[in-house]
Amino acid sequence: MKIIVHRGTHQIGGCVTEIQSNSGTRIIIDIGENLPSSNVDKNCDFKLDGLTQKPAKFDAVFITHYHGDHIGLYNKILPEIPIYVGKVSKEIYKILQTRLSKSHIISEDDLNLIDNFKTYCIPYKKTIKDIVITPIAVDHSAFDAHMFLIECDGKRVLHTGDFRTHGQRGSKVFEAIEKYVGKVDCLICEGTTLSRNTEYFMTEHQLQQEAKKLFDEHKQVFVMCSSTNIDRIAALHKAALASNRLFVCDNYQKELLLYIDSISRSPLYKFKDRVLSYGKNIYDLMQEKGFVMLVRANTFSKKIMKKFPESKFIYSQWEGYLKKDFPEYEYLQKMVPEDYIYLHTSGHADFNSLKQVAQIVDPNILVPIHCEDPSNFEKLDLKNCKIKLAVDGEEINI
Ligand SMILES: [Zn+2]
Ligand SMILES: [Zn+2]
């Protein structure tokens, strides 16, 4: 079996990994856009012979989750190559991209391509010729995120995608890896936090408790967070209800939350009849009862915020986007007041979780991806495991 990280050995996001069997079956895991950051060009053109350039030489593309840095280049893939995504991810991504197409940020043609995505769901395996792929559900800042166990030629590889263990479903991650994965030959592992030097992460549950304190203290609160970070929104929603505040958002966000409600049996995602979409008709009620409203960087949100000059603003996503060298800075600074409150926790695994996952699967080789400085993986101090510091495009035979 051969592994080639075509992109992502020395960067966070935009990772493209190939697994090739000895008989020539070729699959790709994730095909993301580069994240907007100072060291990689977001618009740099990714091309790969047989994947984006004719004739097709790949058998399938598997997407771990719907974040743009994992799925964003789906429209570059040759149409004859099937793309597999999680069943729920497909629906969420469709709702998100429909909003972007209404704002002319993506084309109608690209939107329609999503209908052709094939789906997988846990715990069912997918077989692509002689390669078997088992999805394993993980905790992440995206709903319906997965790791993949890939088996062929008598070898076993675990590709972690993006994951963490301090979120709403974090405690299940180690259990699932023990149950469905076990020992592997190779671990392809994300290392986002290893170069960010963060020692401690608040759990999503602790964040919910902090949010409640803030909602008790402040009657009118606007919160900016990713519209598809469903577990964050669920935490904010629970905190708002506990503080007896209205929970308000726009129609797009409400559609997304109602979809999650419809497919989930967990009480955490019971949004129906509890989430209000903003309209002039609820303005008086918002004044009277107090509220928590989700906002985004757009004129709709800005207009509503102006109507509540006494309100507080919580920023609940990565603070790096507020730095001047990020393209988001310009539009975010128009929205985020100087006295914002920062309330966020990472969507990625901390040092101890990475080490624990590596210890469970006990790989002979670990290939770091989604990490700016992969040499940081040496700090995990793993026994009998070689950290393979590859460069983009290098062939790794296992
Ligand atoms: Zn990512
Ligand atoms: Zn992600």
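Colleague: Let's start with a strand pair. How do β7 and strand β8 (residues 131–138) run?
Modeller: They run antiparallel, and three bridges join them. Strands are DSSP E runs of at least two residues, helices are H or I runs of at least four, and both are numbered from the N terminus. Two strands pair if DSSP finds at least two bridges between them.

Colleague: Which residue of β8 is the bridge partner of Lys 126?
Modeller: Ile 133. Before we go on, this is a predicted model: local features need pLDDT of at least 70, side-chain atom pairs count only at pLDDT 80 or more, and totals for chains, interfaces and linings use all residues. Residues are numbered from 1 along each chain as its sequence is written, while chains are lettered from A and ligands numbered from 1 in the order in which they are written.

Colleague: What is the strand order of the open sheet of seven strands?
Modeller: The order is β7-β8-β9-β10-β11-β18-β19, with mixed pairing. The edge strands are β7 (126–128) and β19 (386–387), each pairing on one side only.

Colleague: Which strands does helix α4 touch?
Modeller: Helix α4 (residues 171–180) packs on the sheet against β8 and β9 (145–152). Its direction makes about 155 degrees with that of β8. Contact means C-beta atoms, placed from the backbone, within 7 Å. Axes are lines fitted to C-alpha atoms, for helices over the stretch in contact, and angles run from 0 to 180 degrees between N-to-C directions.

Colleague: And where does helix α11 lie?
Modeller: Helix α11 (residues 351–361) lies across β10 (155–159), β11 (186–190) and β18 (365–369). It runs at about 165 degrees to β11.

Colleague: New topic, helix pairs. At what angle do α2 and α7 cross?
Modeller: Roughly 170 degrees, and the axes of α2 (residues 87–102) and α7 (residues 251–263) come within 10 Å. That makes α2 roughly antiparallel to α7, the word for angles over 145 degrees.

Colleague: Which residues make that contact?
Modeller: Val 88, Glu 91, Ile 92, Ile 95 and Arg 99 come from α2, and Tyr 252, Glu 255, Leu 256, Tyr 259 and Ile 263 from α7.

Colleague: Last one, the whole chain. How many helices and strands are there?
Modeller: Eleven helices and 20 strands. The radius of gyration, taken over C-alpha atoms, is 21 Å, close to the 21 Å that the globule rule gives for 398 residues, so the chain is as compact as a globular protein of that length. That rule is 2.2 Å times the number of residues to the power 0.38.

Key
Angles under 35 degrees count as roughly parallel, over 145 as roughly antiparallel, 65 to 115 as roughly perpendicular and the rest as oblique. Two residues are in contact if their C-beta atoms, placed from the backbone, lie within 7 Å.
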